[in-house]
Amino acid sequence: MGVKNNLKLIFSYFKLNLKKEWKYKSSFFMQIIMMILNDLFFIIQWYVIFQLVDDIGGYGFNETMLLWAVAAGGYGFSHAFFAGAWNLKDIVYEGKLDVFLTQPKNVLINVCCSSTDVSAIGDMIYAFVVLAIIGAPWQWYFIMVPAMICSGLIFLSVYVAYVSLCFYVKRGDAVANSVQSTLNKAGNYPPAIYNTVVKGILYTFIPAFFYTFIPAQYFFLTPNVWWILGMIAVTIFWVVLAFVLFKLGLKRYNSGNLMSGRL
C-alpha cells in the first residue's frame, strides 16, 4: 500500500511540475528540442571515430550508440521525475528541510520530486531517436522503458547515497558530484577497455556498468534473464541504501528555523 501511495505521489508531483512549466510553452518546447540537438552531436562524434577504428572494446557504432541511448534515457528519467535531488545539498546546508519535514509524506521522495528538469524529457526522447537511427527491432522500443527506469533509479540513488555526506561534512556534495561524473563518463564505454581493479569499482562502489552496460548488453543485445534479475536486484539495493543513508543523515540535520511553506 505504501509503494502504491508513493508512486501516486511521484506521478502527482510530475504532473504538477509539468503544469507549472507549461505556462511558458515556448521555453518548454525549446528546452526539450535543444537537449535533443545537443545529444545528437554525440552521434556525429562517434560516427567520425568509427570511421577511423573498427570497434572499441568489441563494440561497434550501433552498440556504442545503444550505450549512450540507455545513459541518456536513464539520466532523463532521473531528472524529469526527481530533479529535486540535485538541490539536496543546498537544502541541507541552508536548513531548508524544515518545510519538507512538516509534511505527512516521505521526506526524501518529497525533496526529490519537488522539481522537474524539462530538458530531461529531451534526453528520454533522444533514447528512442537513437534506436531509430541504428535500425533497432520494434521490441527494443518497449524494452527501453524498463531499461531507462532501472538506469535512472541507479543514477538517482547513487547520487543521493553519496550526497547524504552533506549531513556530516561541508562540501560533502563534491564526492557525490565526482561519483556522478564517473557514472556518466565511464558507463558509456564497454568494460573490455578497463582493467580488473577499475571493473571491480565500476560494478560496486560506483556502479557505472549497471547504469549503462548491463541494461544495454543484457536487456537488448544478448538478453539474459539472470542478468536482468541481477540488474533489478542492484537497482533495489541502491534505492534502499539511498533511503537508509538519507534517514541516518537526517538525524544530524540542523534546522534553519525558516518560516516558509509549500503548496
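These legends describe close-up views of a predicted model. Local features need pLDDT of at least 70 and side-chain atom pairs count only at pLDDT 80 or more, while totals for chains, interfaces and linings use all residues. Residues are numbered from 1 along each chain as its sequence is written, and side-chain values use heavy atoms, with hydrogens and water left out.

**View 1. Packing of helix α3 (residues 61–82) against helix α8 (residues 138–163).** Helices (H or I, at least four residues) are DSSP runs, numbered from the N terminus. The two axes are 7 Å apart and the packing angle is about 60°, which makes α3 oblique to α8. Axes are lines fitted to C-alpha atoms, for helices over the stretch in contact, and angles run from 0 to 180 degrees between N-to-C directions. Angles under 35 degrees count as roughly parallel, over 145 as roughly antiparallel, 65 to 115 as roughly perpendicular, and the rest as oblique. By class, the contact of α3 with α8 has 13 nonpolar, six polar and no charged residues. Here Ala, Val, Leu, Ile, Met, Phe, Trp, Tyr, Cys and Pro count as nonpolar, Asp, Glu, Lys and Arg as charged, and the others, Gly among them, as polar.

**View 2. Helix α3 along its length.** From first C-alpha to last, the 22 residues of α3 reach 31 Å, close to the 32 Å expected at 1.5 Å a residue (the expected span is 1.5 Å times one less than the number of residues). Of the 22 residues, 18 are buried, so α3 is mostly covered; buried means under 20% relative accessible area, exposed over 50%, and partly exposed in between (1.4 Å probe, protein chains only).

**View 3. Ser151 and Met148 in helix α8.** Ser151 counts as buried because its relative accessibility is 0%. Leaving aside neighbours within four places in sequence, Ser151 is in contact with Val70, Gly74, Tyr211 and Met231. Met148, at 5% relative accessibility, also counts as buried. Not counting residues up to four places away in sequence, Met148 touches Gly73, Gly74, Phe77, Met124, Ala127 and Phe128.

**View 4. Helix α12 (residues 213–221) and helix α13 (residues 225–250).** The axes come within 9 Å and cross at roughly 145°, and the crossing is left-handed. Ile214, Pro215, Tyr218 and Phe219 of α12 make the contact with Trp227, Ile228 and Met231 of α13. The contact of α12 with α13 divides into seven nonpolar, no polar and no charged residues.

**View 5. Asn110 in helix α6 (residues 107–112).** Asn110 has 1% relative accessibility and therefore counts as buried. Apart from residues up to four places away in sequence, Asn110 touches Leu9, Tyr13, Phe100, Gln103 and Lys105.

**View 6. Arg171 in the loop between α8 and α9 (173–186).** Most residues other than glycine have a negative phi. Arg171 has a positive phi of about 65° although it is not a glycine.

Notes. Helix = DSSP H or I, 4+ residues; strand = E, 2+ residues; numbered from the N terminus. Contact = heavy atoms within 4.5 Å. Left-handed = near helix turned anticlockwise from the far one by under 90°.
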